[in-house]
Amino acid sequence: MDIKSMKYYLYWLYCQFELITCSYLMEPWEKLLFYSFNITMLVMVLYIAYIFVPVHITMAFQFFLHLFGNQHENTVSIVK
């Protein structure tokens with residue numbers, strides 16, 4: 001894929017995005033607010049996913065290990 005066709009494809013995707021969101025009808029200041037809000041929400045969702053998803057995966061993994069009998073020994077029982 002050459003650069004020129006990639007440029008036209010990205011422009012086509014941008015036009016499709018504007019048609020779907022009806023942002024082509026907005027004034028420039030409205031577009032700025034709309035895109036700023038959308039980018040802010042996207043960044044927040046990605047950040048939250050980066051922080052919380054690994055924790056939930058780890059907890060689910062530990063739950064299923066405990067469920068199937070692969071338990072870690074308690075340190076108190078080792079001392080006795």
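Reader: What pattern does the protein follow when read along the sequence?

Author: This is a predicted model, in which local features need pLDDT of at least 70 and side-chain atom pairs count only at pLDDT 80 or more, while totals for chains, interfaces and linings use all residues. Residues are numbered from 1 along each chain as its sequence is written, and side-chain values use heavy atoms, with hydrogens and water left out. The secondary structure comes to three helices and zero strands; helices (H or I, at least four residues) and strands (E, at least two) are DSSP runs, numbered from the N terminus. Read along the sequence, the pattern is α-α-α.

Reader: Is α1 roughly parallel or roughly perpendicular to α2?

Author: Helix α1 covers residues 3–21, and its axis is 14 Å from that of α2, at an angle of about 95 degrees. Axes are lines fitted to C-alpha atoms, for helices over the stretch in contact, and angles run from 0 to 180 degrees between N-to-C directions. Angles under 35 degrees count as roughly parallel, over 145 as roughly antiparallel, 65 to 115 as roughly perpendicular and the rest as oblique. The angle therefore makes α1, relative to α2, roughly perpendicular.

Reader: Which residues in α2 do Y14, F17, E18 and T21 in α1 meet?

Author: Contact means heavy atoms within 4.5 Å. On the α1 side, the residues that meet α2 are Y14, F17, E18 and T21. Their partners in α2 are K31, F34 and Y35.

Reader: How far apart are the closest N and O atoms of E18 and K31?

Author: The structure holds one salt bridge, a term for a side-chain nitrogen of Lys or Arg within 4 Å of a carboxyl oxygen of Asp or Glu. The pair links distant parts of the chain, with E18 in helix α1 and K31 in helix α2, 13 residues apart. The closest N and O atoms of E18 and K31 are apart by 2.9 Å.

Reader: Is S23 buried or exposed?

Author: S23 is found in the loop between α1 and α2. Leaving out residues up to four places away in sequence, S23 touches E18, K31, F34 and Y35. Buried means under 20% relative accessible area, exposed over 50%, and partly exposed in between (1.4 Å probe, protein chains only). The relative accessible area of S23 is 0%, so S23 is buried.

Reader: What is the phi of C22 near?

Author: C22 is found in the loop between α1 and α2. At 39% relative accessibility, C22 counts as partly exposed. Its phi is positive, in a residue other than glycine, and is near 60 degrees.

Reader: How far apart in space are F34 and T21, C-alpha to C-alpha?

Author: F34 has its place in helix α2 and is partly exposed, at a relative accessible area of 22%. F34 touches F17, T21, S23 and M26, not counting residues up to four places away in sequence. F34 and T21 are 13 residues apart in sequence, and in space, C-alpha to C-alpha, they are apart by 10.0 Å.

Reader: How much of the protein do buried residues make up?

Author: One of the buried residues is E18, with a relative accessible area of 10%. I51, in helix α2 (residues 28–67), is partly exposed, with a relative accessible area of 34%. Of the 80 residues in the protein, the share that is buried is 5%.
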